[in-house]
Amino acid sequence: MPEPVISIEGLWKSYGDVEAVKGLDLRVEEKEVFAVLGPNGAGKTTMLEILEGYRSRDAGRVEVLGTDPSTPDPAWRERVGIVLQETALETLLTVRESLELYAGYYSSPRPVEEVIELVGLEEKADARAGKLSGGQMRRLDVGIALIGDPDLLFLDEPTTGFDPSARRHAWQMIAGLRDLGKTVLLTTHYMDEAQFLADRVAVINRGRVVAVDTPERLGDRENLSTRISFRIAAGMPIPGVEVLQALDGARTEAADGGAEIGFESDSPTTDLNRLAAWAVEHGVELQGIEVRRPSLEDVYLELTAR
Amino acid sequence: MSSLSLAVHEFRFSQKVFWRNPGSVFFTVLLPVIFLVIFGTIFGSDPIESLGGVPTTTYYVPAIVTLAVVSATMVSLAVNLTTAREAGLLKRGRGTPQPAWVFIAGRVGNAIVVSVLMVVVVTAIGRLLYDAPVPWGHIPEIGLTLIVGAAAFCCLGVAMTAIIPSREAAPAITNVITLPLYFLSGVFIPESEIPDGVLSFSGIFPVRNFFEAFFTAYDPVSSATGLEWGNLALVALWGVAGLLLALRFFRWAPKG
């Protein structure tokens, strides 16, 4: 098994009386896109800044690309690209100039034009950074982090504050990094972002990792029950326990005199089949029928509620 | 890359940013010229008897050169580095393989080049508009004064960023420090109009000493050597103090 790109064991960090990170363990493997989720103040940025070589730690063992990041050297910096939580650009330089400036810091940078294409700013290459939209600025920010052709990329909340289309655009770009063989560690508040981008997700709460898995399996999500819900119009027959045991107590009165029905199902295919057969037989429409697996957000809220 | 080429790379982009920033061009390049013309127009060219009969307009050339260099070095660096720090640019730069000093060096290089340019521009305008003699015979003295002063005020500018909390506060804090010193040091008002007690007070500070050194280097009437070692030493001492404070208190990232 290859060495992990990031390995953290028992990481502790406090600021005065506040313990930001309390015994955190994490491994990120080569070439994976790894998302870290967690509420504000959970310790995400503290952990990230320790991994990036910006912050010291109080205790624990940390290795990033085989090196302790508390003593970063230029050779290690060559291999690490960083996008900070706040976009940091020189507004008076153009997109191309900004990339040329940072290209000069690395011994074998990627060609500037290639990076412009990679982040989709071809049409803005000669526009000043200060004239770009928020989403374009962030893409330039990512471009700057990529200019040194790093093996590992840190993205701290890369799409916070974006409108939905800018977010899609950024996602496609980040997904493209996987094809370049980069390892990416990103933090985010958006479940759909983690779902779309990440191979694996860690949820951090109160300075510790409370769950790590693929977005599909996080928090045993695969094995949690599916929720089935629908409405029956007023005056129509209503299915009861003779159809499905689970319908016991599943009904509430709707405002228009109809019924709202919702229940948890461990065997949704069978249950739906029975319901549908009953509905067809009685000529009843199951209005607004929804079959919903617990979302990543449900699992996340459950995991961080404590 | 060698250290020099790293610094040159950084300097090239510092230059671009400087000339594209209307604020820095106005306050650093145009304002000193405007001051020279305003003071020349208001106070005329009457001789200042206590200074050996130097015409007032000639007096203002080294005075405004002093202001221009302080502005291009200390003020510009304090504002510019604070802005870069608060925008996260310094923090981001620290995340690259680049050694940290290069980010300061590029901006200091910019400050020194603009200073040299301003010495030439202010001297040339003094000659063209007010017949203030160009001190051709004292080029080495002026050069040395400029180098010592620019270096010292650069250090003070870097140190000053430690007490500037935000980019909005930068112009106010630098003005609060420099404007009174310009008045008290004979930069805005001829020193013949300023009480001796005030001059000996401002003589503690680097602006007054820097101006005296420049005045001696420019003075066509009284100067024999063109150098004021005492004044230059005091300026250098302030510079060293600034350097030590900068090394101790300079921050690379916004607070918090």
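Start by selecting chain B and colouring by secondary structure: from the N terminus on, its elements run α-α-β-β-α-α-α-α-α-α-α-α. That makes 10 helices and two strands in chain B. Keep in mind as you look around that this is a predicted model.

Now zoom out to see chain B as a whole. Its radius of gyration is 18 Å, close to the 18 Å that the globule rule gives for 256 residues, so chain B is as compact as a globular protein of that length. Along the principal axes, its C-alpha atoms fill a box of roughly 60 × 35 × 30 Å. Of the 256 residues in chain B, 46% count as buried.

Next stop: T161(B). Where does T161(B) lie? Look in the loop between α6 (139-160) and α7 (169-184) of chain B. Is T161(B) buried or exposed? It's buried, because 25 other C-beta atoms sit within 10 Å, and 20 or more is enough to count as buried. Leaving out residues up to four places away in sequence, show what T161(B) touches: A78(B), L81(B), T82(B), R85(B) and F250(B). Then pick A246(B): it is 85 residues from T161(B) along the chain, yet their C-alpha atoms are separated by 8.3 Å.

Last, bring chain A into view and go to the contact, which takes 15 residues from chain B and 17 residues from chain A. On the chain B side, select α1 (3-20) and α4 (89-94), which each supply at least two residues. The largest share of that side, five residues, comes from α1(B). Colour the side of chain B that touches chain A by class and you'll find five nonpolar, six polar and four charged residues.

Technical notes: Residues numbered from 1 in each chain as written. Chains lettered and ligands numbered in written order. Predicted model: local features only at pLDDT ≥ 70, side-chain atom pairs only at ≥ 80, totals over all residues. Contact = placed C-beta atoms within 7 Å. Helix = DSSP H or I, 4+ residues; strand = E, 2+ residues; numbered from the N terminus. Nonpolar A, V, L, I, M, F, W, Y, C, P; charged D, E, K, R; others polar. Buried ≥ 20, exposed ≤ 12 C-beta atoms within 10 Å, placed from the backbone. Rg over C-alpha atoms; globule rule 2.2 N^0.38 Å.
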